[in-house]
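Hello,

Here is the structure I promised to pass on to you. Please open it alongside this message, and then read on for what turned up in it.

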Amino acid sequence: MALAICNFFLLLTLGLVSGQIDYSITEEQAPGTTVGNIAEDLKLNVWELSARMFRLVCEGSKKYMEVNQKNGILFVNERIDREEICKQSFVCILNYQIILDGPFEMHQIAVEILDINDNSPVFPKAAFSLQMNELVATGARFPLESAYDPDVGTNTISIYRVSSNEHFGLKMQTRTDGSKDALLVLEKSLDREQQSTYHLILTAIDGGIPQRSGTTQINIAVADVNDNAPIFDREVYRVHVVENVAVGTLLTRINAVDLDEGVNAELTYSFTSYVPQNIRELFKLDQITGEIRVQGAFDYEETNMYELDVQVVDNGSAGMTGNAKVIVELLDTNDNVPTIEVTVMTGVVHEDAPVGTVTSMISVTDLDSGEYGEVQCQVPEHLPFKLVKTSRTNYKLVTNGVLNREIVPIYNITISAWDGGSPPLSTNKTVFVSISDINDNIPSFTQSAYSAYVAENNTPGASIFTVTASDPDLNQNGEVSYSILENHMQGVSASPYVTINSRNGIIYALHSFDYEERKHFQIKLQAQDGGTPPLSSAVIVNIIILDQNDNAPVIISPLTWKSTASVEIDPQLTFPEYVITKVIATDADSGQNSRLRYQILEASDPSLFTLDLLTGEIRATRSLRKEDVSSDRLLICVKDNGEPILSSTVTVTFSILSNVTEKTFKRTDNDRSSTQFSPVNHYLIIALGSTSFVFLVIIIFLVVLKLRHGSERPAASSVPTNNYFNYSDVGQNDGYNYTVCLSPESSKSDFLFLKPCHDTLPFNDSDVPNTGAVK
């Protein structure tokens, strides 16, 4: 139903409006009648109404209310006819919006129009006729013409009365919409021979104060013979159909039966007089078949249900009727596009306007119901504007971000609204908002913080990094210069180490960096534009020094002298995998440059020792003898994993631990005297004695050979001095000579102690190394 007045809503909707003021007034009040005091209800001073540009906003061509801005009173401006505005709606509401500026405020005003009993019930005809057979049974009911009263509530029709008679009475029935109908009830059997016609007065009375009434005349004719009335197969026919059903669609087929025969059983279907003419134009009832088809266009938003009273009349001389109801319920379809109404508050917004600045008021409506009438509204997310919902159908367009005239001087904001249909129906409307300029852009670095990586040993004066800041402002407001605010290296000013080009942001190193001295430091840079006053921003640049492989490994264990280290060994304590010593080295570099590997470059006897590649541990491959240790040395190389590879070497020589033999055998004698021999000990003694005897024989044989060889030399050298013995041995590929001598301990023991000697070195007790013993 099209409205040319202010929107009105259900009371449930009014309860959702924030800050709503409710008034009520009866209809037909004279212009100037006071409705309420807006100023008092809004807690405003009267002078604020004009100072804050008070506005009473209403959609529609008629403005029934007005506000006196001198005293703040809301008064009736035009005659209000509730029936003209709201027809027969139970609730009649006029909605207004009050808008105030400085600061901006918006309030909802709801004025309920109360009904008065200003209309009398009216029948559609001054008289109508009924025809009844004399055989109609008592209790039979006959629908009567209903009166129409445009008032609502208690002011509409509340009761029907019929003039006093002995045959007929009235029965009231209430329809689904609350209206009341009258049925004429036969209370006493008819006798056409006594009386063939009846003239009754039907009166409709409303419930108003004072009561109003209307009358019509009922002319009843009594017929004879045809004594069976048609009967429908059901009392109520229910049909559900969508509102956009096609014309000609079959809705239902009503059916009645008549027990009479012949012409008295021939039936004719029709609508009763209860069905208004405008509704009859929407439906077509076939009088013969009883088919009801769609004849006009339905609109769910105007009416969502039709109640059709149908009757069937037989073709007897006095046609008898049967009655039924056909209820057609419409199903809503999404056939109404949302509508958008825009009230522009201001067309220009400063680019420094705070978030939430109101630019426009938006009203969105959809005539559909349910989810089809639920409208959602939005603006593009990428714009610095958003919609704030103020009520179910109202929004305000506010700023929602930083505005920048230099980038976007004007915004074409498309407001989109769509309903909940499937597919949804939508509509768009464009609002234009201009942005005024100020110097509001701070130079912005491309990153919140920078990290610059510089290899150590860099060239002084070379550029090491570049920072960039941008300012979208125009002219001098967008010209950016760079400077160093703070720069510290381990608490000391770094100004002598770096500098920056003020125009292009290139950072230069003034000195060469050493990773081992410092690994990183920070500088704080500033970018400043040329505006008045100037705007600036700062950023931290982390200067990270990258390690280069510029430090060779340093051997810290064992202690070395001129790249040589001496290690003492007790052969009696060694066994396979026994750790002789460990080469430990460090590297001042880091990462891969400090990963060390150990390698044997040279070994006197490669079969005696192994070197762990990663730990530097030197292990014995087997149990060692004195002669093994006294002649062996290792050349070990320690390499890092850098590029290029740096290394260090150390020569490890081995010597016998001093006085090992003497201490060992003294302890053995004591143990022998204090320990009881077992059979196993006897076997060990026999084996040791046999071995010693064989070894002694070999020594004597060697001495004899030496003496014979010496007898062939001059007499001066025929006798060895200082207990020296020379031995020669020939290997598989080459040969070598060595000299041994008897140690002083030989005179104190049954064992012969030998040691390597050099003919240029003096022989004394202090020179005797701690070696193994040979029996």
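Of the 775 residues in this protein, 40% count as buried. Please keep in mind that the model is predicted. The protein exposes about 41800 Å², and carbon and sulfur atoms supply 52% of that area. Its secondary structure comes to eight helices and 53 strands. Among contacts with a separation of 6 or more, 65% are between residues 24 or more positions apart.

Four strands form an open sheet in the order β16-β23-β22-β19, and the pairing is mixed. Its edge strands are β16 (236–242) and β19 (267–271), each of which pairs on one side only. On average, neighbouring strands of this sheet are turned by 25° against each other, direction ignored. Strand β16 runs parallel to β23 (residues 321–331), and seven bridges join the two.

The whole structure holds 17 salt bridges. One of them pairs R238 with E329, with the closest N and O atoms 3.3 Å apart. Because R238 lies in strand β16 and E329 in strand β23, this pair ties together parts that are 91 residues apart in sequence. R238 is exposed, with a relative accessible area of 53%, while E329 counts as partly exposed at 23% relative accessibility.

K325 comes up again here: its side chain meets that of D309 in a salt bridge (2.8 Å, N to O). K325 lies in strand β23 and D309 in strand β22 (residues 305–314), so the pair ties together parts that are 16 residues apart in sequence. Are K325 and D309 buried or exposed? Both are buried. They also belong to a network of salt bridges that links R175, D181, E307, D309 and K325.

Another salt bridge joins the side chains of E291 and R293 (3.3 Å, N to O). E291 counts as buried, at 15% relative accessibility, whereas R293 is partly exposed, with a relative accessible area of 31%.

Which residues other than glycine have a positive phi? E28 is one of them, with phi near 65°. You will find E28 in the loop between β1 (20–26) and β2 (34–37), and it counts as partly exposed at 28% relative accessibility. K562 is another, with phi near 55°. K562 sits in the loop between β42 (554–557) and β43 (564–569), and it is exposed, with a relative accessible area of 70%.

There are cis peptide bonds to look for as well. One runs from G102 to P103, with omega near 0°, and P103 is in the loop between β6 (93–100) and β7 (105–114). Another joins S422 and P423, with omega about 0°; P423 is in the loop between β30 (410–418) and β31 (426–436).

I584 is found in strand β45 (residues 584–586) and counts as partly exposed at 33% relative accessibility. Leaving aside residues up to four places away in sequence, I584 touches V554, I555, I556, S557 and Y598. The C-alpha atoms of I584 and E617 are separated by 8.6 Å, and these residues are 33 apart along the chain.

F693, V694, V697, I698, F701, L702 and L705 make a nonpolar surface patch of about 640 Å². One of these residues, I698, has its place in helix α8 (residues 679–711) and counts as partly exposed at 42% relative accessibility.

Enjoy exploring!

Best wishes

Definitions and conventions. Residues are numbered from 1 along each chain as its sequence is written. This is a predicted model: local features need pLDDT of at least 70, side-chain atom pairs count only at pLDDT 80 or more; totals for chains, interfaces and linings use all residues. Side-chain values use heavy atoms; hydrogens and water are left out. Two strands pair if DSSP finds at least two bridges between them. Axes are lines fitted to C-alpha atoms, for helices over the stretch in contact, and angles run from 0 to 180 degrees between N-to-C directions. Patches are made of residues with over 30% relative accessible area and no salt bridge: like charges are joined within 9 Å, nonpolar side chains (Val, Leu, Ile, Met, Phe, Trp, Tyr) within 5 Å. Accessible areas come from the Shrake-Rupley method with a 1.4 Å probe; for residues, only the protein chains shown count as cover. A salt bridge is a side-chain nitrogen of Lys or Arg within 4 Å of a carboxyl oxygen of Asp or Glu. Buried means under 20% relative accessible area, exposed over 50%, partly exposed in between (1.4 Å probe, protein chains only). Contact means heavy atoms within 4.5 Å.
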